[in-house]
Amino acid sequence: ARYGGGMSSSGRSRGRKRKNPAANDATIRVALSAPRITASICSRIARDLVKFILYMRQQIPCPYDELKAEMEEKHQSSTDPSDSSNRRKKKILSSKARRMKSLIEETDSLLESLDVSLFQNFRISEVLFLLG
């Protein structure tokens, strides 16, 4: 079977170089067991790291909090009862906007799961983010 890049049947490269998966690996160590770091601080660090990684890995076009505020602003303006073109705006809601709304809902769900109670109820010494 043929696929883009990679090796030919003779084992030689066909032009494109394969990326080294380890070249994009990064390790960020944050000591969560220091005596002054509370469960709420651990929770906040984990949530902010998720937001940061989404932006830095170019999974979202701008920082998460800005993206969420922009989407909420658009949602409020589209549901304004004084606006006579409200029905038309709902029909025009693009697939991009629906995907962004879905992304925000899923990310909010993930961030809620990193709640303070998670860090209070369990002794968590390490948090691992796997990106694919």
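The legends below describe an overall view and several close-up views of a predicted model.

**Figure 1. Overall view of the five helices in the protein.** The protein holds five helices and zero strands. Followed along the sequence, its elements give the pattern α-α-α-α-α. Of the 132 residues in the protein, 20% are buried. The accessible surface of the protein is about 11,200 Å², and carbon and sulfur atoms account for 50% of that surface. Among contacts between residues at least 6 apart in sequence, 54% join residues that are at least 24 apart.

**Figure 2. Close-up of helix H1 against helix H4.** Helix H1 covers residues 39-56 and helix H4 covers residues 95-113. The axes of the two helices come within 9 Å and cross at roughly 150 degrees. Angles over 145 degrees count as roughly antiparallel, and H1 and H4 are therefore roughly antiparallel to each other. On the H1 side, the residues that meet H4 are Arg47, Val50, Lys51 and Leu54. Their counterparts in H4 are Thr107, Leu110 and Leu111. Sorted by class, this contact of H1 with H4 has four nonpolar residues, one polar residue and two charged residues.

**Figure 3. Close-up of the salt bridge between Asp48 and Arg44.** The side chains of Asp48 and Arg44 meet in a salt bridge, with an N to O distance of 2.9 Å. Both residues belong to helix H1; they are four residues apart and therefore separated by about one helical turn. Side chains of opposite charge can pair when their charged atoms come close. Asp48 is partly exposed, at 30% relative accessibility. Arg44 is also partly exposed, with a relative accessible area of 48%.

**Figure 4. Close-up of the salt bridge between Lys51 and Asp65.** The closest N and O atoms of Lys51 and Asp65 are 3.2 Å apart. This pair links distant parts of the chain, with Lys51 in helix H1 and Asp65 in helix H2, 14 residues apart. Helix H2 spans residues 64-78. Is Lys51 buried or exposed? Buried means under 20% relative accessible area, and Lys51, at 19%, is therefore buried. Lys51 is also one of the H1 residues that meet H4.

**Figure 5. Close-up of the salt bridge between Lys74 and Glu70.** Here the closest N and O atoms lie 3.5 Å apart. Lys74 and Glu70 are both in helix H2, and because they are four residues apart, about one helical turn separates them. Lys74 counts as partly exposed, at 48% relative accessibility. Glu70 counts as partly exposed as well, at 37%. Elsewhere, salt bridges that share partners join Arg44, Asp48, Lys51 and Asp65 into one network.

Figure 6. Which backbone angle of Gln58 has a positive value? Phi of Gln58 is near 60 degrees, a positive value in a residue other than glycine. At 70% relative accessibility, Gln58 counts as exposed.

Definitions and conventions: Residues are numbered from 1 along each chain as its sequence is written. This is a predicted model: local features need pLDDT of at least 70, side-chain atom pairs count only at pLDDT 80 or more; totals for chains, interfaces and linings use all residues. Side-chain values use heavy atoms; hydrogens and water are left out. Axes are lines fitted to C-alpha atoms, for helices over the stretch in contact, and angles run from 0 to 180 degrees between N-to-C directions. Angles under 35 degrees count as roughly parallel, over 145 as roughly antiparallel, 65 to 115 as roughly perpendicular and the rest as oblique. Contact means heavy atoms within 4.5 Å. Ala, Val, Leu, Ile, Met, Phe, Trp, Tyr, Cys and Pro count as nonpolar, Asp, Glu, Lys and Arg as charged, and the others, Gly among them, as polar. Buried means under 20% relative accessible area, exposed over 50%, partly exposed in between (1.4 Å probe, protein chains only). Accessible areas come from the Shrake-Rupley method with a 1.4 Å probe; for residues, only the protein chains shown count as cover. A salt bridge is a side-chain nitrogen of Lys or Arg within 4 Å of a carboxyl oxygen of Asp or Glu.
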